[in-house]
Amino acid sequence: PALRMMLDDALRSRGAMVESVANGPDAVALLRSRQERGKPFQVALVDMQLPGLRGSDVIDAARAMDPMVRLVATSGLEPEPATAAQLKAAGASFLAKPFRLGEVVDALLGR
């Protein structure tokens, strides 16, 4: 939660609108809700070790809902070959932890 709040604050300080959740099912529900309201996300950062649902499943759901959303997966572990192939197929980039706050902000804001 503390890292998520720090990242949220860093993104907001750079003008980004941010919504974050703590687990996989909530992430899919939020993505779906935004899509249904016609306000899809431009980018989503997905931790591969989310509670309740694997990050790769969240990424697959996000891609199925919105082919235009930019997806960034993150983990402290390198993805196994099958997971790496799944991320590549979904068009998701990968950002290894630990990362500097500026690195993830740049990755998300495309700078």
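## Basis of the description

Contact here means heavy atoms within 4.5 Å, and the helices (H or I, at least four residues) and strands (E, at least two) are DSSP runs numbered from the N terminus. The structure is a predicted model, in which local features need pLDDT of at least 70 and side-chain atom pairs count only at pLDDT 80 or more, while totals for chains, interfaces and linings use all residues. Residues are numbered from 1 along each chain as its sequence is written, and side-chain values use heavy atoms, with hydrogens and water left out.

## Packing of H1 against H5

Met6, Leu7, Ala10 and Leu11 of H1 are in contact with Leu101, Val104, Val105, Leu108 and Leu109 of H5. By class (Ala, Val, Leu, Ile, Met, Phe, Trp, Tyr, Cys and Pro nonpolar; Asp, Glu, Lys and Arg charged; the others, Gly among them, polar), this contact has 9 nonpolar residues, with no polar and no charged ones.

## H3 and its two partners

The axes of H2 and H3 come within 10 Å and cross at roughly 5°, so the two helices are roughly parallel to each other. Gly24, Ala27, Val28, Leu31, Arg32 and Gln35 of H2 make this contact with Val58, Ala61, Ala62 and Met65 of H3, and the residues divide into 7 nonpolar, 2 polar and 1 charged.

H3 (residues 55-65) also packs with H4 (residues 81-90), their axes coming within 10 Å and crossing at roughly 20°; H3 and H4 are therefore roughly parallel to each other, and their crossing is left-handed. Ser56, Asp57, Ile59, Asp60 and Arg63 of H3 meet Gln86, Leu87 and Ala90 of H4, a contact with 3 nonpolar, 2 polar and 3 charged residues.

On a 1 Å grid over the protein atoms alone, a cavity is a set of points where a 1.4 Å probe fits but cannot get out, a pocket is an open set with protein on both sides within 12 Å along at least five of seven lines, and lining residues have an atom within 4 Å of a point. The whole structure holds 1 cavity of 30 Å³ or more, and the largest cavity contains about 60 Å³ of space. Its lining consists of Leu31, Gln35, Pro40, Phe41, Ala62, Met65, Asp66 and Val69, with H2 and H3 as the elements that give two or more residues.

The largest pocket contains about 1000 Å³ of space and is lined by 36 residues, of which Val18, Glu19, Ser20, Ala44 and Leu45 lie nearest its centre. Helices H1 (2-13), H2 (24-36) and H5 (101-109) and strands E1 (43-47) and E2 (70-75) each supply at least two residues of this lining, which divides into 24 nonpolar, 5 polar and 7 charged residues.

## A cis peptide bond

Lys97 and Pro98 are joined by a cis peptide bond with omega of about -5°, and Pro98 is found in the loop between strand E3 (93-96) and H5.

Note on methods. Axes fitted to C-alpha atoms, helices over the stretch in contact; angles between N-to-C directions. Parallel < 35°, antiparallel > 145°, perpendicular 65-115°, else oblique. Left-handed = near helix turned anticlockwise from the far one by under 90°. Points joined across faces, edges and corners; volume = space filled by probe spheres on them.
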